[in-house]
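Please examine the structure shown here before reading on. The paragraphs that follow take up its pocket, its fold, its core and its aromatic side chains in turn.

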Amino acid sequence: MQNLDLKNKSDNTKAAKEYIDRVAKQLLTDYQHTKEERHKIALWEESQEFSILGVIEIFTTDIRGYAAQVIANDNLENNQEILENLQKLKIFDISYFTEWYFDHDSDYPQIKRYAETLNYLRLLIIEYITQRATSLN
C-alpha cells in the first residue's frame, strides 16, 4: 500500500510540474501577442512617474525563473526561500499597477491577461512547493 502512495505522489508531482511548464510556455506565446499593447503602454509611460512594463518585466523574470527551477528539479534546496519570495511578489499589491489596471478598464486586454496568467503561475508554484513540503513530511 505504501508503494501505491509513493507512486500516486510521484504521478501528482509529475502532473503538477507538467502543468506549470505548460502555463509558463503559454506565457511566452501570450507575451508575443502583447507587442502592440506594450508599444502603446510605452508611449503612455513617457508621461508617467512609474513603469507598468518595468513591473511586468521584473515579475516575469522572477516568476518564470522559479517555474524553471521547479520544472528542472525534483528537490528544491531553497524551497522555503522561494516560497517566501513568491508570497511577496504580488503584482496587484502595487498601488500604481492596480490603479492603472482598473483605470484602463477596456484597454490593453492582452497585457492584462498576461499579468493575470503570470500571477496564476505564481500561485501554482506556491501551491506546488507547499504540497511537496507537506508530502515530504
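Which residues lie nearest the centre of the largest pocket? In this predicted model, they are N12, T13, A16, Y128 and Q131, which belong to a lining of 10 residues. The volume of this largest pocket is about 160 Å³. Two elements, helix 1 (2–32) and helix 6 (109–136), each give two or more residues to the lining. The most comes from helix 6, which gives 6 residues.

The pocket may now be placed within the fold. The secondary structure of the chain consists of 6 helices and 0 strands, so that read from the N terminus on, the order of elements is α-α-α-α-α-α. The C-alpha trace of the chain spans about 60 × 25 × 20 Å along its principal axes. Of the 137 residues in the chain, 36% count as buried.

In soluble globular proteins, nonpolar side chains tend to be buried together. Here, the largest nonpolar core contains 34 residues, and L86, F97, L121 and I125 touch the most other members. The elements that give two or more residues to this core are helix 1, helix 3 (52–72), helix 4 (79–88), helix 5 (95–103) and helix 6. Helix 6 again gives the most, in this case 10 residues.

Attention now turns to the aromatic side chains. A search of the whole structure finds 10 aromatic pairs. One of them joins F92 and F97, whose ring centres lie 5.6 Å apart with the planes at 70 degrees; because an angle over 60 degrees counts as edge-to-face, the pair is assigned to that class. How do the two partners compare in exposure, buried or partly exposed? F92 has a relative accessible area of 28% and is partly exposed, whereas F97, at 0% relative accessibility, counts as buried. Ring pairs also link F92 and F97 with W100, Y101, F102 and Y108 into a cluster.

Two charged side chains lie over ring faces. K112 is placed over the face of W100, a member of the cluster, at 5.9 Å from the ring centre. R38 lies over the face of Y31, at 4.0 Å from the ring centre.

Notes. Residues numbered from 1 in each chain as written. Predicted model: local features only at pLDDT ≥ 70, side-chain atom pairs only at ≥ 80, totals over all residues. Heavy atoms only, no water. Phe/Tyr/Trp six-rings, centres within 6.5 Å; stacked < 30°, edge-to-face > 60°. Buried < 20%, exposed > 50% of the residue type's maximum accessible area, 1.4 Å probe, protein only. Lys NZ or Arg CZ within 6 Å of the ring centre and 35° of its normal. 1 Å grid on protein atoms, 1.4 Å probe; cavity = no way out; pocket = protein on both sides within 12 Å on 5 of 7 lines; lining within 4 Å. Points joined across faces, edges and corners; volume = space filled by probe spheres on them. Helix = DSSP H or I, 4+ residues; strand = E, 2+ residues; numbered from the N terminus. Core = buried A, V, L, I, M, F, W, Y, C linked by side-chain atoms within 4.5 Å.
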